[in-house]
Amino acid sequence: PVMPNSATARISVRSVPDQKNGAIADALEQHIRYEFAKLRSPNKLSVSALPVGDWWLADVKSRAFRLAEAAIEKVWLKKPLFVREGGSMPVTAFLQNTLGAPVVQIPLGQNTDNAHLPNERIRAINLWKGKDVFKTLLLAWMSATQPTE
């Protein structure tokens, strides 16, 4: 049998508001080193952490969210159900902090779409109505930010 000269693993950790990513990475590395030491292996262990992004929590009472809620309701003819998820997508906090602008996440799929799985899908109607939601939201945002005479 042929034995590989190395093995690698990639671990993705999702954080929640008020968690400190550095502390989580340090605790995970400490645990991996502790468990590896118990093996008394002659092999070497190397642990490195990629840059991590901050968690993000939306202000659902903000003007941006109120406009998004109205756009969703106008297009889908139903009030949206706010579900607290997706807060550890690093780009969300980065965009908000870098641009100093409000961020709203509007998913286009449904909970039955098997997101991030091999059999992931999205219905065409979700894409079409999603386009209409974004159009409605952007037009409402432009109207809300026009200077008054």
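**View 1. Residue classes around the largest pocket of the predicted model.** In the lining of the largest pocket, 22 residues are nonpolar, 12 are polar and nine are charged. The structure is a predicted model, and the space in this largest pocket comes to about 1800 Å³. A total of 43 residues line the largest pocket, and those closest to its centre are Val83, Glu85, Ile106, Pro107 and Gly109. Two or more lining residues are given to the largest pocket by the elements α2 (63–76) and α4 (124–145).

**View 2. The second largest pocket and the contribution of helix α1 to its lining.** The second largest pocket holds about 1300 Å³ of space, and of the 36 residues that line the second largest pocket, Ala9, Arg10, Ile11, Val47 and Ser48 are the closest to its centre. Helix α1 (residues 21–39) supplies nine residues, which is the largest share of this lining. Sorted by class, the lining of the second largest pocket consists of 18 nonpolar, 12 polar and six charged residues.

**View 3. Charged side chains over the rings of Trp141 and Trp76.** Arg63 is placed over the face of Trp141, at a distance of 4.5 Å from the ring centre, while Lys129 is placed over the face of Trp76, at 4.6 Å from the ring centre.

Key: Residues are numbered from 1 along each chain as its sequence is written. This is a predicted model: local features need pLDDT of at least 70, side-chain atom pairs count only at pLDDT 80 or more; totals for chains, interfaces and linings use all residues. Side-chain values use heavy atoms; hydrogens and water are left out. On a 1 Å grid over the protein atoms alone, a cavity is a set of points where a 1.4 Å probe fits but cannot get out, and a pocket is an open set with protein on both sides within 12 Å along at least five of seven lines; lining residues have an atom within 4 Å of a point. Grid points are joined across faces, edges and corners, and a volume is the space filled by probe spheres set on the points. Helices (H or I, at least four residues) and strands (E, at least two) are DSSP runs, numbered from the N terminus. Ala, Val, Leu, Ile, Met, Phe, Trp, Tyr, Cys and Pro count as nonpolar, Asp, Glu, Lys and Arg as charged, and the others, Gly among them, as polar. A charge sits over a ring if NZ of Lys or CZ of Arg is within 6 Å of the ring centre and within 35 degrees of the ring normal.
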